[in-house]
Amino acid sequence: MNPFIKKFSDEFTEEHRTIRDMLLDLITHIIQTDRQACMEQLNELAIITGPHFRYEEESLYPILTRFYGDGYINKLFTDHDMAIGRAFAIDRVFKEEFDKKEKRTEAINHVRGLLPHVSDCQGLIMFAEKFNDDEIEQVIDTKTRVLKENYHLIDWATNIRERRYCRF
């Protein structure tokens, strides 16, 4: 395997593990009714997912179109639209309605709604093994650039990203 693909694959997998664990921790914090921990965890999650979603959308997904076609890639973009909307909805609960049990349950359901995309997206790495050198270089260059720019998910979604996100 190309060493650049191996390195990217390892990093991509670690990013998804981190996101998975942070989402599960967020559920725990909500159950424990620890508002401060919830807000901190959501912020940390947004710091990680902003650049992650961005490089997926700007380079990884377009390359994967040759394997999956436009339909499935559009589904992945829509998953991000929904994930961003869920992040806004969760944030709203934490800031405005955390004292209401039914709203915390709603927040947990939004977090759980994010988990399938983590595992679905992780499976995409199998196809990165089929990327040619130019494609893997494009993904790595995009990832390097967006990590340097380092937009928080909410900032990126509202100021940089051109797609609309879902509203809950």
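I take a contact to mean heavy atoms within 4.5 Å, and with that in hand I looked first at how the chain is tied together along its sequence. The model I am working from is a predicted one. In the protein chain, residues 24 or more positions apart account for 83% of the contacts with a separation of 6 or more.

**Entry: overall make-up**

I went through the secondary structure next and found six helices and zero strands in the protein chain, the elements running α-α-α-α-α-α from the N terminus on. The radius of gyration of the protein chain is 16 Å, close to the 15 Å that the globule rule gives for 168 residues, so the chain is as compact as a globular protein of that length. I also looked up the extent of the C-alpha trace, which spans about 50 × 30 × 25 Å along its principal axes.

For the surface, I noted that the protein chain exposes about 9000 Å², of which carbon and sulfur atoms supply 51%. Of the 168 residues, 45% count as buried.

**Entry: α1 against α2**

How do the axes of α1 and α2 cross, and within what distance do they come? I read that the axes of helix α1, residues 3-31, and helix α2, residues 35-97, come within 12 Å and cross at roughly 145 degrees. The crossing in which α1 passes α2 is left-handed. Sorting the residues of this contact by class, I have 15 nonpolar, six polar and four charged.

**Entry: two positive phi angles**

I then turned to the backbone, keeping in mind that most residues other than glycine have a negative phi. T33, which lies in the loop between α1 and α2, has a phi near 50 degrees, a positive value in a residue other than glycine.

N150 is found in the loop between α5, residues 133-149, and α6, residues 153-159. With a relative accessible area of 44%, N150 is partly exposed.

Is D81 buried or exposed? D81, which is found in helix α2, counts as buried because its relative accessibility is 6%, and the cut-off for buried is under 20%. Leaving aside neighbours within four places in sequence, I list the contacts of D81 as R161, R163, R164, Y165 and C166.

A87 also lies in helix α2, and I have it as buried, with a relative accessible area of 11%. Which residues does A87 touch, once its neighbours within four places in sequence are left aside? They are L42, L153 and I154. I checked one distance from this residue as well: A87 and Q32 are 55 residues apart in sequence and 19 Å apart in space, C-alpha to C-alpha.

**Entry: V139 in α5**

I moved on to V139, which is found in helix α5 and is buried, with a relative accessible area of 0%. When its neighbours within four places in sequence are left aside, V139 is in contact with F8, Y55, S59, L60, I63 and F131. For a distance, I looked up V139 and M22, which are 117 residues apart in sequence and 24 Å apart in space from C-alpha to C-alpha.

**Entry: E162 after α6**

Where does E162 lie? I find E162 in the segment after α6, and this residue is exposed, with a relative accessible area of 82%. The C-alpha atoms of E162 and A83 are 15 Å apart in space, the two residues being 79 apart in sequence.

Terms used: Residues are numbered from 1 along each chain as its sequence is written. This is a predicted model: local features need pLDDT of at least 70, side-chain atom pairs count only at pLDDT 80 or more; totals for chains, interfaces and linings use all residues. Side-chain values use heavy atoms; hydrogens and water are left out. Axes are lines fitted to C-alpha atoms, for helices over the stretch in contact, and angles run from 0 to 180 degrees between N-to-C directions. Helices (H or I, at least four residues) and strands (E, at least two) are DSSP runs, numbered from the N terminus. A crossing is left-handed if the near helix is turned anticlockwise from the far one by less than a right angle, and right-handed if clockwise. Ala, Val, Leu, Ile, Met, Phe, Trp, Tyr, Cys and Pro count as nonpolar, Asp, Glu, Lys and Arg as charged, and the others, Gly among them, as polar. The radius of gyration is taken over C-alpha atoms; the globule rule is 2.2 Å times the number of residues to the power 0.38. Buried means under 20% relative accessible area, exposed over 50%, partly exposed in between (1.4 Å probe, protein chains only). Accessible areas come from the Shrake-Rupley method with a 1.4 Å probe; for residues, only the protein chains shown count as cover.
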